[in-house]
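Reader: Hello! Could you show me how to read burial and pockets in a structure like this one?

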Amino acid sequence: GIEQDDLFVPIESETNELKLELATEVVYTDNEFLKEYLTGTESEESYTLVHSKVRPDMAKALGLTPLSQFLDITEDTFEDAGQCEPLTTRLKNILTDYKDGLTIIKELLQNADDAEATEVNICYDARVHSADPKKLFFPGMADSHGPALIVHNNKTFSDDDFKNITQLAGGTKQNKPLKIGKFGIGFCSVYHITDVPSFVSKDFLYIFDPTLKHLQKAVSNPARPGKKTKFTQKVISTSQQLQPYTGLFEFDPKRPYDGTMFRLPFRKAYSEISSTFYSESTVQELLKKMNESSSNLLLFLQHVKKITFSRFDSDKTA
């Protein structure tokens, strides 16, 4: 290939004559203001500008120096500084509107009812699942393989459900008045008890990790702190990633799941989202409240006819 030291490119000139210059000595306009600025001021900078017929993308491909770089305009000169609110702060504020721990089960029951599920199973999984980071596709999730609240229903997610649950506003259900609950802000009540909720439905595993302490480098865009994974792919199904789900309510990672199962690992220490963490006694109190209120909750549901409670004890380590 042609070395840049041997490459000549057309340059701007005050005459209409074609003039060529070594590519290493030529810059291109990546910002029109900078060009106007240099034209309108007595700049000490001496530069040669590529011909205007050479598009910026072509100039970049040819390896020419952008004008901003030539003038030493770095990221420190201009950087993003708009007002923003970390997702963890937003969630913490949302939880103040959902103070009652029972809100968690109310929201998940209502969403199961929206999906026309007829059965909801609530399980306290007290087991600590083996989690060798070397056998996890997301090794940072090993810390979440301890005791958790499992909420299962016998309907799969719709395309709208998958979309809604990733949006705090849960927009698409707002136009359906018969839908009692809605994913979005209501679903955020699960952060009362967990920092890293996950769920399986059809052949997808979703993991939400607002603090990014579990998924860590696996997330390329911190503005969307979570992962969607097709768990039936062999590289996932043969790992230990889905071990906390396997065997519960007929879940098999090697085939699509005919239902929806949420896993909410209990928070074990203070986090950016909440200062509430769950001991054995706190968990038992929460489950007792859920059990006592379940019959009343059924009165307000159209499709769910059965709510069951179960427990897997820690002496049956998976």
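Author: Gladly. L215 counts as buried because its relative accessibility is 3%, where buried means under 20% relative accessible area, exposed over 50% and partly exposed in between (1.4 Å probe, protein chains only). This is a predicted model: local features need pLDDT of at least 70, side-chain atom pairs count only at pLDDT 80 or more, and totals for chains, interfaces and linings use all residues. Residues are numbered from 1 along each chain as its sequence is written, and side-chain values use heavy atoms, with hydrogens and water left out.

Reader: Which residues is L215 in contact with, leaving aside its neighbours within four places in sequence?

Author: Contact means heavy atoms within 4.5 Å. By that rule, L215 touches F138, M141, I207, D209, G226 and K227. The C-alpha atom of L215 also lies 9.3 Å from that of V196, 19 residues apart along the chain.

Reader: And how do I read a pocket?

Author: Rolling a probe the size of a water molecule over the atoms shows where empty space is left. On a 1 Å grid over the protein atoms alone, a pocket is an open set of points where a 1.4 Å probe fits, with protein on both sides within 12 Å along at least five of seven lines; lining residues have an atom within 4 Å of a point. Here, 33 residues line the largest pocket, and L87, T166, A223, R224 and P225 lie nearest its centre.

Reader: How many nonpolar, polar and charged residues are in that lining of the largest pocket?

Author: The lining has 18 nonpolar, eight polar and seven charged residues. Ala, Val, Leu, Ile, Met, Phe, Trp, Tyr, Cys and Pro count as nonpolar, Asp, Glu, Lys and Arg as charged, and the others, Gly among them, as polar. For the second largest pocket, the lining divides into nine nonpolar, seven polar and six charged.
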